[in-house]
Amino acid sequence: MIRVLLADDQALVRAGFRMILRAEADVEVVGEAGQGLEAVELARALEPDVVLMDLRMPELDGIEATRRIVDGADGPRVLVLTTFDLDEYVYEALRAGASGFLLKDAPEEQLVAGIKVVADGGSLFAPAVTRRLIERFAGAAPTQPPEVLSELTPREVEVLRLVARGLANAEIASELVVSEHTAKTHVAHILQKLDARDRVQAVVLAYESGLVRAGG
């Protein structure tokens, strides 16, 4: 059973998501929060698997709430909800540790599928939108290339660049002419070395460090 916490300051929006998820036999809504601080407190108290997080909430915005919720090895996964796909708040949420994002008007099946992907330890990595988002905002918040990048082998750097292009493991395997298992192992090693929760975090780091350039 996937335990979900809804965090949105609009009661009608929460009610809509609750109705959609109620129809899923393997998903349970364990709580609802109307603002950020409440979301953090409920996440700690209820220990959900996934938090559906609105970004613009009173008292504590969704970005800082996300940062606090995912802090720690066993923190819940956060799936950000937004009205606009090209939103700097979404980019900041990805940097804060969100595992992906969905538009609020996404089809019901996409919402359910997204929750299940994130709960399973994956990331909702829609290559076209996520890459476009990161390309647009990465240059606005440059960071020093982390020393940890030097720990990557040349092959791992090559794989990270392919991940940043939005390629799945099977596509990476085809590109490099290796088995899918080998590609998956490389990705796992990269995430471990970068201390990244998932592929989205690794892609953000790749762009911010300059390893991958916008349009490259």
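Of the 216 residues of this protein, 49% count as buried. The model is a predicted one, and its secondary structure comes to 10 helices and 5 strands. Among contacts with a separation of 6 or more, 67% are between residues 24 or more positions apart.

Two of the strand pairs can be followed in detail. Strand E1 (residues 2-7) runs parallel to strand E2 (residues 27-33), and 6 bridges join them. Here Ala 7 stands opposite Ala 33 in E2. Strand E3 (residues 50-54) pairs with strand E4 (residues 77-82) in the parallel sense over 5 bridges. If you start from Val 50, its bridge partner in E4 is Arg 77.

**Helices across the strands**

**Helices packed on helices**

Two packed helices are described by the angle between their axes and the distance between the axes. Here are two such pairs:

| Helix pair | Angle | Axis distance |
|---|---|---|
| H1 (residues 11-22) and H5 (residues 108-119) | about 75 degrees | 10 Å |
| H4 (residues 88-96) and H10 (residues 199-208) | about 110 degrees | 9 Å |

With that angle, H1 and H5 are therefore roughly perpendicular to each other. On the H1 side, the contact is made by Phe 17, Ile 20 and Leu 21, while H5 brings Glu 108, Leu 111, Val 112 and Ile 115. By class, this contact of H1 with H5 holds 6 nonpolar residues, no polar ones and 1 charged.

The angle in the second pair makes H4 roughly perpendicular to H10. Tyr 91, Leu 94 and Arg 95 of H4 meet Val 200, Gln 201, Val 204 and Glu 208 of H10. The contact of H4 with H10 divides into 4 nonpolar, 1 polar and 2 charged residues.

Notes. Residues numbered from 1 in each chain as written. Predicted model: local features only at pLDDT ≥ 70, side-chain atom pairs only at ≥ 80, totals over all residues. Heavy atoms only, no water. Axes fitted to C-alpha atoms, helices over the stretch in contact; angles between N-to-C directions. Helix = DSSP H or I, 4+ residues; strand = E, 2+ residues; numbered from the N terminus. Parallel < 35°, antiparallel > 145°, perpendicular 65-115°, else oblique. Contact = heavy atoms within 4.5 Å. Nonpolar A, V, L, I, M, F, W, Y, C, P; charged D, E, K, R; others polar. Pairing = 2+ DSSP bridges. Buried < 20%, exposed > 50% of the residue type's maximum accessible area, 1.4 Å probe, protein only.
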